Amino acid sequence: MIKPMILSMILADNYYRDTHSGKGVIAGTFNSIRASKFPTRLNFAVFIALTDVATSGTVTLEIRNEQTPRKIELPPWNIQAPQDRQAIIEIGGNLRAIPFESPGTYEVAVLWNAMEISSRRLTLTPLSQEKK
């Protein structure tokens with residue numbers, strides 16, 4: 001099976017697509033989040049650019065805690081294959097009230113038709129823990 005290639009995956013405070021220009025707008029990018037208490041629920045956005053989409057399929061995000069087997073699977077995006085496989089497809093959305101049980105390192109994985117094709121780390125720390 002040919003799998004799409006992820007060109008970028010960005011975590012941010014907010015994402016929207018401007019209806020006038022068609023441009024995606026990404027605000028407040030980050031790799032880590034500080035929370036005032038745990039467990040917590042967080043709002044954030046994800047932007048993904050992919051190419052080499054040979055067939056239509058679904059993109060699903062899965063958030064995993066590296067310290068436990070717990071994972072959160074988010075609703076899928078349905079992707080239609082473009083006529084030109086080299087076309088770049090941009091998808092993004094705002095995720096609301098995503099539960100995180102504890103501080104630590106999490107992995108945000110991108111699945112194409114249930115097959116992992118990319119991932120990135122997200123670190124959660126308590127607000128009181130200052131970086132040195």
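How many salt bridges does the count come to? The count comes to 8 salt bridges, where a salt bridge is a side-chain nitrogen of Lys or Arg within 4 Å of a carboxyl oxygen of Asp or Glu. Several of them turn up in the close-ups below.

Before you zoom in, keep in mind that this is a predicted model, in which local features need pLDDT of at least 70 and side-chain atom pairs count only at pLDDT 80 or more, while totals for chains, interfaces and linings use all residues. Residues are numbered from 1 along each chain as its sequence is written, and side-chain values use heavy atoms, with hydrogens and water left out.

View 1. The chain averages 93, and 97% of the residues score at least 70. Confidence is highest in β1, at 97, and lowest in strand β6 (residues 71-73), at a mean of 88. Strands, by the way, are DSSP runs (E, at least two residues), numbered from the N terminus.

**View 2. An open sheet of 4 strands.** Reading across, the order is β2-β1-β4-β8, and the pairing is antiparallel. Two strands pair if DSSP finds at least two bridges between them. The edges belong to β2 (24-29) and β8 (89-100), each of which pairs on one side only. On average, neighbouring strands of this sheet are turned by 45° against each other, direction ignored; the axes behind that angle are lines fitted to C-alpha atoms, and angles run from 0 to 180 degrees between N-to-C directions. Look along β4 (residues 40-51) and you'll find it joined to β8 over 10 bridges, in the antiparallel sense. V46 sits opposite G93 in β8.

View 3. E90 and R17 meet through their side chains at 3.4 Å, N to O. E90 has a relative accessible area of 39%, making it partly exposed. R17 is also partly exposed, at 34%. The cut-offs are simple: buried means under 20% relative accessible area, exposed over 50%, and partly exposed in between (1.4 Å probe, protein chains only).

**View 4. Two loops joined by D52 and R85.** This salt bridge comes in at 2.5 Å, N to O. D52 lies in the loop between β4 and β5, and R85 in the loop between β7 (77-79) and β8, so the pair ties together parts that are 33 residues apart in sequence. D52 is partly exposed at 22% relative accessibility, and R85 is partly exposed at 35%.

**View 5. Strand β9 and its partners.** Strand β9 (residues 104-112) is largely enclosed by the rest of the structure, because 8 of its 9 residues are buried. It pairs with β5 (residues 57-65) in the antiparallel sense over 7 bridges, and E62 stands opposite A109 there. With β10 (residues 115-126), β9 forms 9 bridges, again antiparallel, and here E107 faces R121. The hairpin of β9 and β10 has 2 residues between the strands, and in it N113 takes a positive phi near 50°.

**View 6. The salt-bridge network around E62.** E62, R64, K71, E107 and E116 are linked in a network of salt bridges. E62 lies in strand β5 and is buried, at 5% relative accessibility. Its side chain joins that of R64 through a polar contact of 2.6 Å. (A polar contact is a pair of N or O atoms within 3.5 Å; within protein, one must be able to donate a hydrogen and the other to accept it, and residues adjacent in sequence count only if both atoms are side-chain atoms.) R64 also meets E116, with the closest N and O atoms 2.8 Å apart. E116 is in strand β10 and R64 in strand β5, 52 residues apart. R64 counts as buried at 19%, whereas E116 is partly exposed at 37%.

**View 7. N65 and its surroundings.** N65 lies in strand β5 and counts as buried, at 7% relative accessibility. Its side chain makes a polar contact of 3.3 Å with the side chain of Y106. Leaving out residues up to four places away in sequence, N65 touches R70, S102, T105 and Y106, with contact meaning heavy atoms within 4.5 Å.

Notes. pLDDT = per-residue confidence, 0-100.
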